[in-house]
Amino acid sequence: MFMILTMIVLVAALNIISGLTMLVKDKGHDIAILRTMGATRGSILRIFLITGASIGVVGTLAGFLLGMVVCLNIESIRQFVSWLTRTEIFSPELYYLSQLPAEIQVGETVTVLLMALGLSFLATVYPAWRAARLDPVEALRYE
Amino acid sequence: MMTAKSAQPTASAIVEGVPTLELVGITRAFAEGQGRLEILTGADFTLHPGEIVGLVAPSGTGKSTLLQIAGLLEKPDSGDIRVCGRACATLDDAARTAIRRSDIGFVYQFHHLLPEFTAVENLVVPQMIAGLGRSDARERAMALLAYLKLDNRASHLPAELSGGERQRVAIARAVANAPRLLLADEPTGNLDPKTSHYVYDALLALVRGTGLSALIATHNMEIAARMDRRITLADGKVVPRD
């Protein structure tokens, strides 16, 4: 389960990389102007690290909360979907389940959370590095 | 009004002492196909405190390259750069950035204001980069905007300002940290003639009022005539221009 979730989070982290890379390209002029004003490479790096990390933190938190809500109310959700679709979802006669089981394992949950945060932080490094390395002269050359 | 770090406000008075900017033997070439395109071939130039110099030269002669080298944005292939007496040609990026932060202001042909920030916020940003607190930065920013008669536009985004207003905000931003040196690359190149004169009036008033030194690239001879002296670029070298 952990590996499956890791693969899913990896795909999401790749979205962070692509989104941030596009942001760096889009904000090239602004980065150059900040550099001409005296912003250091380090401060530019921090701006984009914080941006990407914010996406990762908000996404992880939202996923965690949504996952907890679904786990704690899985039986109600099953019954609602059954009512909505007018079919028996996970029929007890077929699956020998009186209710849909969902067990929250604290250890695994924490591990997945940390993995998601870690991968999303790692995903911000390359775009932030690109932003910090941007040459202001080249960025402003074709204004 | 605003005071420069090293001089009281003065009207077109050239102050003797350590030059604000010295370029000695600056060379710069760019790779072009199999060969190299020599842009600067030993440019020498001195800018004194309180002096305003017009750089009048055709496009493609190296005006922007000279300004970028003077502003420590680009390293020359050889030669020496001194800003307020400090040798800068061989400094690392962190040191050059620190000098830009405290001593050099830039104005470009395009305003390059940060589009998501209001006029006053665009002036607060460079001051906060320099370490000033937000409230002090805002107070100084409002004073600058008031000096340029833009205080009623302080809360407007750049998209809500006219071309002349945007460029005046850009000029105010360039002097927000009270630099000693202002470098302007065709600051009115995108504006109509009437607005150009209005913006130049604001620029020159601000420069004279703060006593800083300025090197302004322009095609406009009428405006260049209002500066203390004029230079041009010929064969990669800086020469006087009458």
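Okay, let's start with what I'm calling a salt bridge: a side-chain nitrogen of Lys or Arg within 4 Å of a carboxyl oxygen of Asp or Glu. Keep that in mind, and remember that we're looking at a predicted model.

So, how many salt bridges are there between chain A and chain B? The count is three.

Now, which helices of chain A supply at least two residues each to the side that touches chain B? Those are helix 2, residues 28-37, and helix 7, residues 136-141. Helix 2 gives the most, with seven residues. If you sort that side of chain A by class, you get seven nonpolar, four polar and six charged residues.

Okay, the overall numbers. Chain A puts 17 residues into the contact, and chain B puts in 20. For chain A and chain B, the buried area is about 1600 Å², and carbon and sulfur atoms give 60% of that.

One more thing, on the surface of chain A. There's a nonpolar patch made of A:L66, A:V70, A:I77, A:F80, A:V81, A:W83 and A:L84, with about 690 Å² of accessible area together. Helix 3 (41-72) and helix 4 (74-85) of chain A each supply at least two of its residues. Helix 4 gives the most, with five, and A:W83 is found in that helix.

Methods
Residues are numbered from 1 along each chain as its sequence is written. Chains are lettered from A and ligands numbered from 1 in the order in which they are written. This is a predicted model: local features need pLDDT of at least 70, side-chain atom pairs count only at pLDDT 80 or more; totals for chains, interfaces and linings use all residues. Side-chain values use heavy atoms; hydrogens and water are left out. Contact means heavy atoms within 4.5 Å. Buried area is the accessible area (1.4 Å probe) that two parts lose on being put together, summed over both. Helices (H or I, at least four residues) and strands (E, at least two) are DSSP runs, numbered from the N terminus. Ala, Val, Leu, Ile, Met, Phe, Trp, Tyr, Cys and Pro count as nonpolar, Asp, Glu, Lys and Arg as charged, and the others, Gly among them, as polar. Patches are made of residues with over 30% relative accessible area and no salt bridge: like charges are joined within 9 Å, nonpolar side chains (Val, Leu, Ile, Met, Phe, Trp, Tyr) within 5 Å. Accessible areas come from the Shrake-Rupley method with a 1.4 Å probe; for residues, only the protein chains shown count as cover.
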